[in-house]
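The paragraphs below go through a structure step by step, starting from a single residue and ending with the whole chain. Please keep the sequence and the coordinates at hand.

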Amino acid sequence: MINLATLWSSLPDYARATVWILVITVVLIVLVALLTLWERKVIGWMQLRRGPNRVRIFGLLPGIGQPFADVFKLLFKEVVVPANANKLLFRLAPMIALIPAFAAWAVIPLSPEVVVSKADAGLLYLLSLTSLGVYGIIIAGWAANSKYAFLGAMRSAAQMVAYEIAMGFALVGVLMASGSMNLGTIVNTQQGGVLAWNWFWLFPLLVVYFISGVAETNRAPFDVAEGESEIVAGFHVEYSGIGFALFFLAEYANMILIATLTAVFFFGGWRAPFEGWPGLGGTLLGAPSFLWLFAKVFALVFLFLWFRATFPRYRYDQIMRLGWKTLIPVTLVWIGVEMLMANWHIGPWARAWFH
């Protein structure tokens, strides 16, 4: 172990960053596979049924092999490209949707020591990448040369643009409360325990950001882009095999990404909830750790699954009305409230960095 630690410390920065990129990518792909199983199990539990319980690995844990069986099934299915489709763009669209979901992890601090890039403009980097995902959906719907796919792409693009604006305004509030666009600094400004996290002073922005994140990932109850009863799966209706799998990989990876960003911006990231508490602050319960970030992300991803099992799908006009007439005005009002709190040095603006 000592030799490994010495070797690791002797590596140049670009080599260590490359190793972390590979580790994060592989772990994220495995987590996405397990998330598909967990979703089916959770919804089954809520609907009083078992969920997948047949496919085992080495005869153990019934159901644990289901996501891997699904992967093999999709890998070996024929990829059918419509005759009149734009062949290049049709094949490129799933990658355009997937790459931003993975590239965003470059600036996310996973622990006090682990972050691929400590970019000072990390917030702008995230906003630009999350905006790119809509291009993959638009291109997929247009390149297929199918009216069902194109209608689904237009629905999804309008929805994602509307909720992207609300998310952006919510992040303006986070920027005002932390004074930095560096995600590590945003986490560090939330030190002091659970009541020092941004959720307390920015609660309306937390609600807006998370609802917008659910809509941004086209998850229920905002899944009109994939409304099976109306437009037969939407923008990816013409996709099969690995192309279809890549779109779902992007969707589930974006769920984990939105949950992680919510934890970083509003729930202290890797900071412990008992930090600074008498008797607990000096123990493992008060020490910053990746495990705290994992626990917060786990809880937030569970909300995605809970929403799908609970709410019926909204009508398209209801989704647009919520985004443009409710969420965006709420963010603008609360940014005004933050201006007053900053003027009177209340909450986060009473901390040392503000002075």
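**From one residue to the chain**

Leaving out residues up to four places away in sequence, Asn198 touches Val174, Ala177, Ile186, Gln190, Phe203, Phe265 and Phe266, where contact means heavy atoms within 4.5 Å. This is a predicted model, in which local features need pLDDT of at least 70 and side-chain atom pairs count only at pLDDT 80 or more, while totals for chains, interfaces and linings use all residues. Residues are numbered from 1 along each chain as its sequence is written, and side-chain values use heavy atoms, with hydrogens and water left out.

Asn198 belongs to helix H8, residues 198-201; helices (H or I, at least four residues) and strands (E, at least two) are DSSP runs numbered from the N terminus. Asn198 counts as buried because its relative accessibility is 1%. The classes are buried under 20% relative accessible area, exposed over 50%, and partly exposed in between, with a 1.4 Å probe and protein chains only.

Beyond its neighbours within four places in sequence, Leu261 is in contact with Ile108, Leu126, Leu183 and Tyr209.

Ile21 sits in helix H2, residues 13-46, and counts as partly exposed because its relative accessibility is 43%. Between the C-alpha atoms of Ile21 and Ala233, which are 212 residues apart along the chain, the separation is 33 Å.

For the protein chain as a whole, there are 13 helices and 0 strands. Its radius of gyration, taken over C-alpha atoms, is 21 Å, close to the 20 Å from the globule rule for 355 residues, so the chain is as compact as a globular protein of that length. The rule is 2.2 Å times the number of residues to the power 0.38. Along the principal axes, the C-alpha atoms fill a box of roughly 65 × 55 × 45 Å. Buried residues account for 46% of the 355 residues. Of the contacts between residues at least 6 apart in sequence, 75% join residues at least 24 apart.
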